[in-house]
Amino acid sequence: MTNLTELRKKLDNKEISSVELTKEYLKKISENEALGAFNTVCEDEALKMAELADKTIAEGNSAPLTGIPMAIKDNICTKDIKTTCSSKMLAEYAPPYNATVMEKLNAQGIVTLGKTSMDEFAMGGSSQTSALAKPKNPFDTNCVPGGSSGGSAVAVAAGLCAAALGSDTGGSVRQPASFCGITGMKPTYGTVSRYGLVAFGSSLDQIGPMANSAQDCGIILNAIAGQDIHDGTSRRHNIDFNALLGQDIKGLKIGIPKEFYGDGIDGEVKNAVIKVADFYKSLGAELVEVSMPTLKYAISAYYLLACAEASTNLSRYDGVKYGYRTESPESYDELIKKSRAEGFGAEVKRRILLGTYALSSGYYDAYYKKALAVRQQFRLEHDQIFEKCDVMLTPSAPTVAYGIDSNINDPVKMYLADVCTVTANIAGIPAISVPCGVNSANMPIGFSLSAKRFDDARIIQFADVYEKSFAHPTANI
Amino acid sequence: MLSMDNLKLLCELSKLHLSEDEMKEYQKEMTDIINLMDTIGDSDFEYNPIDMTNAVSFGELRGDNITEFDNMEGIVKNGPEVIANQFVVPKIVD
């Protein structure tokens, strides 16, 4: 896998042109259509963007991402290019505007290869709730790639793009990154604008990079981060995400939360992550045991908050202004109810119902308000943890990628599998997943590093130190 | 077990039309999901509405000004049924 720094050098030295690079990736996408990574491939647009990028490079004006072919998750609005959220509801929707992240990437002159498949409306951890392409894991095509940003993870792992964007509401960047043997990062809530990211759980959603290295993630974050007048939750900050690259980790403290190493975590995953801790210790970092007693409420708090927000956010899909519309409705009420019932898949409907339940009269205090209280406690607990350590080390997921048919019909089992990732979203902190080898069945294992809010550069530093010594696993395609 | 009446009310509030067979399926699934959510009842934390840990200062917000969206054509193009730049819906008032 070529990282972005090497590609930049090759493009600037004219060893390869952006058009040639784009054609190579388009060919690979076409050869690997069976992996189901993309809902839309923008061949013509990509080649035009590559031609423009080559001109910019020839003029000596290249930015870090000029001419770099990227894949974009299909819930990030791309003007006049379909943005389907892998849903029948938005199957024909072509946004009339670009998301802020796309404006920023386009300003650097990236090449958009296409839109990657995902769980419908980012709701799921397998990418199999997609109503369009159903992505498969390039390490074993009988296994899921994880989700919800499964298509982006597959595209990076299979070498179908140089890097990709995903979105992360409860682990949707980090868990598929872990399942597919790549690096994926959720930045601190508020660092990247959510304008143009189709809303799921607005207080939890963040756009994040998926790439071949932590350094690549930092390059992409440097391009897309920043306060945006279109997103009132985006924060003013001056983070250089790669500022700490190459710095020694000697003397820094790594928190090991004991609750993340219990019986629910697969033995091979646990051992692999413990080896990562030992590696950091051998470089002079100090391991400290920390505790997160509120973890037992993480799944319920996350699903109550995310679904409450989703039930509100998804009320905009009424079959009137855009999106799917049922045929021959007899009344306005029927138009809305049938359009939504036919346009949304089963998992989306379950989450809307759960969110409505949590917000409805008589249940609001017992569920939604309780979840808000747990969120406050989570933030407090994380603040206390990061007084004792610089980063926290956990598995990225309780298991490696599982068989396509094994979990996906049991919503409760699926929800419980998110336990390693949702805490970072609830607390609003940055977290990165990095591959740490494979299990006995040759499936990738990932570990996660998190830090206090706006300390994103710290986890990139630690991840980079590990990647300098251990190569990512490679898929056999 | 989530009662059928309660589920019907949720469907009405959520504006989702479900068939009888679907209702039976959802009743079981939603009961399992709500049972999982019930674990939050064991926590004894109190929500403090004053503690706005993620609040953005007003100085950082944009002015409350009306601006014209520059791609009205793009908006209308996505409408399932549009006549003369208007979204068409079934008759509401007789």
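Figure 1. Of the contacts in chain A with a separation of 6 or more, 76% join residues 24 or more positions apart; two residues are in contact if their C-beta atoms, placed from the backbone, lie within 7 Å. Chain A has 15 helices and 11 strands, which are DSSP runs numbered from the N terminus (helices: H or I, at least four residues; strands: E, at least two). Its radius of gyration is 21 Å, close to the 23 Å of the globule rule for 477 residues, so chain A is as compact as a globular protein of that length. That radius is taken over C-alpha atoms, and the rule is 2.2 Å times the number of residues to the power 0.38. Along the principal axes, the C-alpha atoms of chain A fill a box of roughly 70 × 55 × 45 Å. The model scores ipTM 0.94 and pTM 0.97. Residues are numbered from 1 along each chain as its sequence is written, and chains are lettered from A and ligands numbered from 1 in the order in which they are written. As this is a predicted model, local features need pLDDT of at least 70 and side-chain atom pairs count only at pLDDT 80 or more, while totals for chains, interfaces and linings use all residues.

**Figure 2. The nonpolar core and Ala163(A).** Not counting residues up to four places away in sequence, Ala163(A) touches residues including Leu4(A), Ile68(A), Met70(A) and Ile220(A).

**Figure 3. The loop that holds Gly170(A).** Gly170(A) lies between strand 4 (163–168) and helix 6 (174–180) of chain A. Gly170(A) counts as buried because it has 30 C-beta neighbours inside 10 Å. Beyond four places in sequence, its contacts include Leu204(A), Tyr302(A), Ala306(A) and Asn425(A).

**Figure 4. The loop that holds Leu35(A).** Leu35(A) is in the loop between helix 2 (18–31) and strand 1 (38–41) of chain A. With 25 C-beta neighbours inside 10 Å, Leu35(A) is also buried. The C-alpha atoms of Leu35(A) and Ala133(A) are 8.8 Å apart, although 98 residues separate them along the chain.

**Figure 5. The side of chain A that touches chain B.** Here 56 residues of chain A are in contact with 41 residues of chain B. Helix 12 of chain A gives the most to this side of chain A, with 11 residues.

**Figure 6. Helix 1 of chain B against chain A.** The buried residues of helix 1 (residues 4–14) of chain B are Leu10(B), Cys11(B) and Ser14(B). They cover an arc of only 100 degrees around the axis, which puts them on the same side of the helix; the arc is that of the directions from the helix axis to the C-beta atoms. These buried residues pack against helix 9 and helix 11 of chain A. Lys15(B), with a positive phi near 55 degrees, follows the helix.

Key: Buried ≥ 20, exposed ≤ 12 C-beta atoms within 10 Å, placed from the backbone. Core = buried A, V, L, I, M, F, W, Y, C linked by C-beta atoms within 7 Å.
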